[in-house]
Amino acid sequence: MRKLVAAAFVSLDGVMQAPGAPQEDPTGGFTLGGWTVNYWDEPMGGFMDGIFTDPFALLLGRKTYEIFAAHWPFVGKDDPIGKAFNAATKYVATASNETLTWENSFALRGDVAAEIARLKQQDGPDLLTQGSSGLLQTLLAHNLIDELRLLTFPLILGPGKRLFGKGARPEALKLTANSVSTTGVIMSVYERAGEVETGSFGMPEPSQAEIARRERMNREG
């Protein structure tokens, strides 16, 4: 069984749109593309190298695929990430019938969640997402992500495409690795850890003031 790893750059308020360049994805009038560039340092490079160390197949949404297909085949043979991405199998969630021109690319159409669940049951390298905020909502909604590898930047970006959007469901996570770059980027690895368990710091017997407060909350919705 293959593991599905979601790797993403996110701002402190959860935005993941256009991390690499101003022209990358201006959807919705987003004007802050390229927000990761000035934070890059050696520890970040090491964390990213770790994501690509083991064999992987890329799992991408159509828009991210188009961004990558217009970049990585043209970076030159000496670029290590370009070499890995070009050689990897690319699975692309798309509703378009257009031909996928990047080598080793295969379209996932129709019930994408079912197709990805089927891929996970097969033998082969782990599935690795990059970007693909729309696809991530489907993966989150269907509990298909096994591990999150996040680089959280010390920025608030406001409106933009988010990692935890409409597809997010309540779920506990286990932090398995954590480090901080010299520029304040938090690099974390999380695994799934079951359902959210709740508790209470309240008194065993609520005060009359607390009972009245709860009643007011119920009235006000």
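Me: How much space lies in the second largest pocket?
Reply: The second largest pocket holds about 190 Å³ of space. A pocket here is an open set of points on a 1 Å grid over the protein atoms alone, where a 1.4 Å probe fits, with protein on both sides within 12 Å along at least five of seven lines. The volume is the space filled by probe spheres set on the points, which are joined across faces, edges and corners.

Me: What is the basis for these values?
Reply: This is a predicted model, in which local features need pLDDT of at least 70, side-chain atom pairs count only at pLDDT 80 or more, and totals for chains, interfaces and linings use all residues. Residues are numbered from 1 along each chain as its sequence is written, and side-chain values use heavy atoms, without hydrogens and water.

Me: Which residues lie nearest the centre of that second pocket?
Reply: Leu140, Leu148, Phe164, Glu171 and Leu173 do, out of 15 lining residues (those with an atom within 4 Å of a point). The elements α5, β6 and β8 (186–192) each give two or more residues to this lining, and β8 has the largest share, with three.

Me: And the largest pocket, how much space is there?
Reply: About 1,100 Å³. Its lining has 40 residues, with Phe9, Pro19, Gly20, Glu24 and Phe68 nearest the centre.

Me: Which element supplies most to that lining?
Reply: The largest share, six residues, belongs to α2. Elements supplying at least two residues include β1 (4–11), α2 (62–69) and α5 (133–141).

Methods: Helices (H or I, at least four residues) and strands (E, at least two) are DSSP runs, numbered from the N terminus.
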